[in-house]
Amino acid sequence: MKFQVLTLVGHAPHPITGELGSAADRLAEAVETGVAAEELGFDAYAVGERHAGPFLSSSPAVLLGALASRTRRIRLLTGVTVVAILDPVRVAEEYATLDQLSRGRIELVVGKGAEMGHFDLFGLDEGLQWDYQAEKYELLRRLWREEEVTWEGKFRPALREATTLPRPYGGRPPRVWHGSATSLNSPELAAKHGDPLFSANAIQPLEAYARLIDHYRERFAAHGHDPSTAYVGAGSGGLFIADTTALAVERFKEYYEAKVRQTHRPHLEGRPGYNTPFRTVEEAIADGPHLIGSPQQIIDKILGYHAAYRHDLQSITVDSSGLELSGQIEQLQWFAEEIAPVVRRAAPTSLWERPTS
């Protein structure tokens with residue numbers, strides 16, 4: 001298994017103290033965490049994209065550009081690129097530029113996004129979100145694979161013999177994953193094109209995500225793609241390690257449950273993917289994807305999910321722990337030294353061991 005650190009660059013008041021640092025400091029922390037992730041041997045670092053809510057990740061390309069200049073090995077991903085609201089020409093240009101700057105280390109995870117507010121912000125019809133997603137992704141694929149593209153669709157002006165610059169690094173388009181949280185649309189689009197799938201695995205019970213992943217694998221093979229390349233990534237809902245699970249509960253319980261109350265959205269009650277059903281830290285440990293507990297507890301949790309998902313890439317989020325940056329990096333070091341090696345041996349993968357097509 002490979003391992004990724006993900007940040008959405010959350011910027012909400014501390015749910016217990018109410019403290020809120022500056023935007024500049026928060027963005028600097030996101031970059032420093034990516035640098036530390038490379039030093040600790042993680043395979044990838046991902047920056048989300050949000051245009052609504054208390055997040056500072058509206059421009060992931062800018063943050064990834066800063067990381068490209070500070071790192072040399074680690075892969076740089078998005079999580080997700082909200083292609084449904086963006087112009088595919090601009091996406092092709094920005095991320096090909098990053099691909100050149102990083103010398104081929106950029107990969108995109110595309111999706112319609114988890115916050116509905118961004119459709120209003122960009123003057124788009126939320127009811128057409130999946131139509132936007134499919135059409136804009138199809139165009140992005142062509143722009144990275146072809147030159148002098150002539151194209152016509154519903155949601156942007158037609159193109160005639162268009163070539164976006166720069167071209168992707170080495171003449172090979174960056175790998176594109178499809179973010180999947182609640183709908184079969186993303187697994188279907190990923191399967192159609194033989195692309196990998198990235199399961200949010202953050203809020204819903206395991207069975208909800210397993211259904212989407214199983215559908216993806218079935219449709220991937222039905223479209224004639226090699227099943228051995230049906231790569232799957234999975235999120236985790238947050239990381240907090242302690243010497244024992246009881247100690248993790250003791251240290252993390254107040255923060256976790258205050259954060260659940262802070263982020264609960266009553267107006268979205270009943271809509272999958274918005275409000276966690278795991279209201280206490282004990283419920284999160286027992287039934288949720290959260291990685292909370294002793295190293296062995298977390299190893300067992302990841303391998304338990306792997307038995308259901310057969311995933312190749314495990315994403316962890318450490319900046320939702322309530323810890324200062326130094327504490328977050330200590331958590332990453334603990335994970336890298338005691339958890340990752342065990343899971344790598346138990347769940348090998350060919351991801352990033354063979355060239356992309």
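**Group meeting: a predicted protein chain**

In the protein chain, the mean positions of the 37 positive and 47 negative charges lie 4 Å apart. Here Lys and Arg count as positive and Asp and Glu as negative, with His and the chain ends not counted; each charge is placed at NZ of Lys, CZ of Arg, CG of Asp or CD of Glu.

The model is a predicted one, in which local features need pLDDT of at least 70, side-chain atom pairs count only at pLDDT 80 or more, and totals for chains, interfaces and linings use all residues. Residues are numbered from 1 along each chain as its sequence is written, and side-chain values use heavy atoms, leaving out hydrogens and water.

I turn to overall form. Along the principal axes, the C-alpha atoms fill a box of roughly 60 × 40 × 40 Å. Of the 357 residues in the protein chain, 52% are buried, meaning under 20% relative accessible area with a 1.4 Å probe, protein chains only. Among contacts (heavy atoms within 4.5 Å) between residues at least 6 apart in sequence, 72% join residues at least 24 apart.

Next, the secondary structure. The protein chain has eleven helices and twelve strands; these are DSSP runs numbered from the N terminus, helices being H or I of at least four residues and strands E of at least two.

Which sense does the pairing of strand 1 and strand 2 take? Strand 1, residues 2–7, pairs with strand 2 in the parallel sense over four bridges, where pairing requires at least two DSSP bridges. Q4 has A44 of strand 2 as its bridge partner. Strand 2, residues 44–47, is covered on both faces: A44 and A46 are buried on one side, Y45 and V47 on the other.

Technical notes
Buried < 20%, exposed > 50% of the residue type's maximum accessible area, 1.4 Å probe, protein only.
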